[in-house]
Amino acid sequence: MPDTQGDLVQGTLNMLILKIVALEPIHGYGIAVRIEQMSQGVFKVNAGSLFVALQRLHRAGFIKSEWKASENNRRAKYYVLTEHGRKKLGSETREWGKQVAAIARILEA
Amino acid sequence: MLLPRNIASGLQSLFRRKQVDRELDDELATYLAMAVEEKINQGASPEEARRAVRLEQGTVEVAKEEVAAAGWESFVETLCQDLRYAARTLRKTPVFTIVAILTLGLGIGANTAIFQLLDAVRLRSLPVQNPQQLAAVRIAGGNQGMGFNQDYGDLTRPLWQEIHDHQRAFSGMFAWSVSQRYTGRGSQMRHFNGLWVSGNFFQELGVRPFRGRLLAPKDEGPCPNSYGVASYSYWLRELGSRDPERGINLIVDNDPVQIVGVTPPEFFGMVVGDSFDIALPYCQPQAGLRRDIFEVSVMGRLKPGWTLDRASAELSALSPGIFEATVPPGRDTATTEMYKHFRLAAYPAWRGVSQLSASDYTSLWLLLGITGLVLMLACANLANLLLVRGRTREREIAVRQALGAARFRLIRQFLSEGVLLAAAGAVLGIALAVVLSRGLLLLFSTENNLPQFDLSLDWRVLSFVGSVAMLTCIVFAVAPALRSSRAHLSDALKSGSRGTTADHETFSLQRLIIVMQVAISVTLLAGALLFVRSFRNLVTLNPGMRERGITVAFLGYWQSNLPREGWAGFQRELLEEVQAVPGVQSAATTTRVPLDGGSWEHDIRVGSVEGTSKFTWVSPDYFATMSIPIVTGRGFTSDDKASSPRVAVVNQTFVHRFLPGIDPIGQTLLTIVEPDYPATRYQIVGVIFDTRYSSLREETPPMAFAPATQFPAQGPWSNVVIDSSLPPETVMATLKHSLGAKHPDVVMEFHDFQKQILDGLVMERVMATLSGFFGLLAAMLAAIGIYGVLSYIVVMRRNEIGIRMALGANRISVLSLVFRQTALLLAVGVAIGVVVALATAQGAASLLFGLRANDPVTFLGASALLIVAALLACYLPARRAMQVNPMVALRYE
């Protein structure tokens with residue numbers, strides 16, 4: 001079980017959360033599970049880092065939240081991407097793609 | 001990043017902490033529940049699932065902490081926590097807290113009060129529009145005592161006109177002068193502070209009327225004046241707040257004047273600390289303007305882009321023409337040439353002018369320094385107390401460190417206590433300063449001068465208090481905080497652990513504080529002794545004449561319709577009436593009252609020697625009245641009439657200067673011509689002992705006296721010195737009554753000669769009083785500090801002392817153990833203090849009288865005083881050390 005904080009490139013957790021929230025409104029645990037599933041178990045997020053990140057994104061106005069009933073009838077806080085967040089995700093994704101491509105070019109040289 | 005949202009959300013979590021907490025709790029609970037559910041779905045038992053989730057996710061609490069610590073509000077929150085905790089701790093030790101706040105409050109209050117005064121007299125700008133543009137035009141280097149010089153008078157009115165007509169540096173110029181005049185007639189006469197101004201004065205300054213209208217250029221006209229403007233305070237006090245529109249009519253200097261307006265409350269004129277009462281426009285006297293009365297101060301607003309230097313250059317270039325056109329008549333060639341070579345220059349004037357001299361400012365700054373040092377001493381004591389507190393709380397601190405408190409947090413915790421104390425001290429200090437600064441003004445006030453300053457708290461005073469409080473906080477709280485947070489965990493946790501010998505590192509800071517305290521107190525004590533002794537020298541100085549029981553009367557009779565030829569006769573008549581009053585032993589007229597700061601001198605020639613001598617015209621009984629002994633020759637008699645040959649009595653300094661080794665009797669002196677004072681040859685008929693002339697501080701100058709009957713410039717006034725066995729108040733009341741009944745139109749003012757001399761020493765008195773007070777306070781603070789630290793050291797070393805005694809040390813050796821500690825600290829502190837005091841005293845040398853700034857007696861005295869105080873302070877702890885019972889002390893091990 002890799003330490004997610006250490007393995008995630010600085011700042012990428014925010015981007016991943018934004019991406020997942022962009023797919024559909026989702027609660028905290030859902031985000032953690034999605035990150036684990038979609039990375040096929042490479043990234044695991046603990047509650048502390050997840051909620052700190054959620055709070056930051058919330059403060060920055062990238063996501064908003066509301067309390068709703070979950071699929072198995074639990075009250076859970078669902079996060080939704082804002083317009084502002086959508087733009088941020090777009091720009092972050094483009095930037096990330098550029099960086100990855102650049103790194104790949106260097107490593108393949 | 002949306003800053004507003006961030007702040008809003010932060011504020012929400014600050015002020016709706018519970019709700020935000022609950023929400024986070026709920027969210028985390030849901031999170032965990034979901035995780036557990038998932039594990040169970042995957043086949044784990046509920047127990048296992050919960051355990052696994054906990055392990056994986058960490059505890060909910062840690063997660064909460066992490067979330068809470070991520071926002072900026074958490075910093076504010078821990079700060080509040082620290083402050084709350086500090087407040088609780090302080091409440092638990094009320095005595096310490098009260099002593100600390102009182103000490104700081106007094107210290108900060110005293111500093112602020114003096115700063116307020118400095119601010120009012122020195123730092124504030126005039127309450128007019130754009131004061132920073134104002135500049136004054138003066139003769140560079142002054143007028144060398146030419147002609148008549150009024151207070152704040154730099155130039156003559158003809159000069160003002162020339163400057164006004166020719167200058168290009170100023171967008172507008174105005175002139176003003178001050179003098180005391182009289183309102184009313186006869187027994188209703190009262191004097192007022194007059195402000196004479198050019199017609200555009202108020203417009204140029206941008207002062208708007210509070211009532212009615214202010215003066216305008218059209219009000220300048222031929223004398224006498226017909227319109228005037230009252231200051232707000234005078235209008236309130238003397239004019240009953242009447243509406244100027246309905247006509248306020250006064251008699252000013254015997255002529256009717258209508259008060260047409262009132263200036264706003266904040267405008268006091270141009271002299272800081274001395275508000276004007278009535279402002280009147282300049283008028284053109286029928287006889288024309290005199291070229292030798294330096295009465296006006298000329299100021300203006302610099303044009304945009306003009307600096308003082310550029311204006312000075314411009315004025316300097318104009319100077320030859322301006323001075324050429326205004327040469328005062330009737331001077332000898334040398335004086336006229338000197339006048340023509342004067343140069344004008346521009347000086348900053350945004351603060352207005354002040355009656356305080358440069359040395360008065362030095363005194364005030366010095367006082368601020370003194371109070372600053374006293375505050376530092378108080379801080380040192382507080383630092384000591386906090387250090388001791390830190391020692392007693394070592395276990396608490398160690399426990400908190402063991403539980404994971406970071407050193408940074410502990411330091412913050414300790415600092416919060418300091419911040420709270422300093423803040424409380426600052427608040428108390430401001431409250432005290434408001435009272436103290438007014439008390440300080442009373443100290444400065446004299447019989448006929450109560451300084452009026454605007455002592456309101458402005459931003460400068462408040463920021464001063466703020467920075468002083470911050471500084472004190474740093475001085476007294478930082479070192480203990482750093483020290484206390486560095487507890488040795490294992491040592492401190494061992495219950496009752498106490499080093500058997502003095503731990504040098506622990507006490508070193510306290511020792512340093514003691515050395516500093518001793519040094520500062522020696523400096524302050526030495527300064528105090530210097531000022532007290534200097535003041536004593538002045539007060540006990542023998543001026544060569546009587547001071548006690550002399551009443552000085554000023555009699556003015558310009559309102560009686562006597563012709564000029566009748567003045568001298570009327571003066572004699574008045575003198576005879578004064579002499580006839582019961583209780584008056586002798587009385588005499590004089591043109592100059594000694595020691596009142598004024599001066600009158602003539603250029604003279606004695607044989608081939610040229611120089612200047614003071615000149616006073618007195619009636620025959622003057623020397624007897626003032627108890628000035630005659631060395632040789634004679635004084636004046638009633639035979640020295642206006643028509644008889646001119647005779648003079650000179651003092652010993654005159655003889656040394658002009659007639660060394662020659663018998664002065666029968667020699668002649670020649671005065672150089674001046675307007676109203678024709679060149680005159682006097683024969684010296686007597687020599688008197690030296691007396692002080694215009695002030696106690698000044699060395700006796702060459703002085704000459706001539707008979708009052710031969711005074712060439714008799715005005716409608718005279719000064720009468722009166723010797724009486726009755727108290728001066730009685731004499732004044734009797735004279736006022738008997739003379740007043742007979743001559744209702746004579747202006748009368750009385751002074752007690754001795755009081756007037758003492759009033760001239762007001763700054764010296766204030767310095768002696770305050771520096772003496774603060775010096776003693778400093779010694780006391782240092783003694784308290786030494787007492788505190790030694791008591792503490794003795795307690796900490798009780799075991800060691802007990803062991804020493806058990807091993808056979810006797811009481812004397814224990815006593816010397818404690819005294820040795822002090823002696824070294826004292827020696828170092830006193831040495832540093834003396835060096836510092838010697839260095840700083842040089843700067844105050846000009847304020848001292850009759851002793852040098854490095855006066856050895858003073859420095860020895862200050863050191864001795866402090867050593868005695870320190871030894872007294874260390875006697876009690878030493879005695880306690882002597883009484884240590886070895887058995888009791890050892891049982892603690």
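**View 1. The disulfide of chain B in the predicted model.** The link of Cys223(B) and Cys283(B) is right-handed, with 85 degrees about the S-S bond. Because Cys223(B) lies in the loop between β6 (221-222) and β7 (227-230) of chain B, while Cys283(B) belongs to strand β12 (residues 283-284) of chain B, the pair ties together parts that are 60 residues apart in sequence. The S to S distance of this disulfide is 1.9 Å, and a search of the whole structure, over all chains, finds one disulfide. Cys223(B) is partly exposed at 31% relative accessibility, whereas Cys283(B) is buried, with a relative accessible area of 12%.

**View 2. Cysteines Cys379(B) and Cys874(B), both in buried positions.** The closest cysteine sulfur to that of Cys379(B) is in Cys473(B), at 9.1 Å, which is too far for a bond. Cys379(B) has a relative accessible area of 1% and is therefore buried; for Cys874(B), which is also buried, the value is 0%.

**View 3. The largest nonpolar core and the surroundings of Leu364(B).** This core has 96 residues, and those with the most contacts inside it are Leu117(B), Leu364(B), Leu367(B), Phe453(B), Phe476(B), Val518(B) and Ile786(B). When neighbours within four places in sequence are left aside, Leu364(B) is in contact with Ile114(B), Leu117(B), Leu118(B), Val121(B), Leu356(B), Phe444(B) and Met763(B).

**View 4. A second, separate core.** This core consists of 48 residues, including Phe615(B), Leu659(B), Val685(B) and Ile688(B).

Conventions:
Residues are numbered from 1 along each chain as its sequence is written. Chains are lettered from A and ligands numbered from 1 in the order in which they are written. This is a predicted model: local features need pLDDT of at least 70, side-chain atom pairs count only at pLDDT 80 or more; totals for chains, interfaces and linings use all residues. Side-chain values use heavy atoms; hydrogens and water are left out. A disulfide is a pair of cysteine sulfur atoms within 2.5 Å. Helices (H or I, at least four residues) and strands (E, at least two) are DSSP runs, numbered from the N terminus. Buried means under 20% relative accessible area, exposed over 50%, partly exposed in between (1.4 Å probe, protein chains only). A nonpolar core is a set of buried Ala, Val, Leu, Ile, Met, Phe, Trp, Tyr and Cys residues joined through side-chain atoms within 4.5 Å. Contact means heavy atoms within 4.5 Å.
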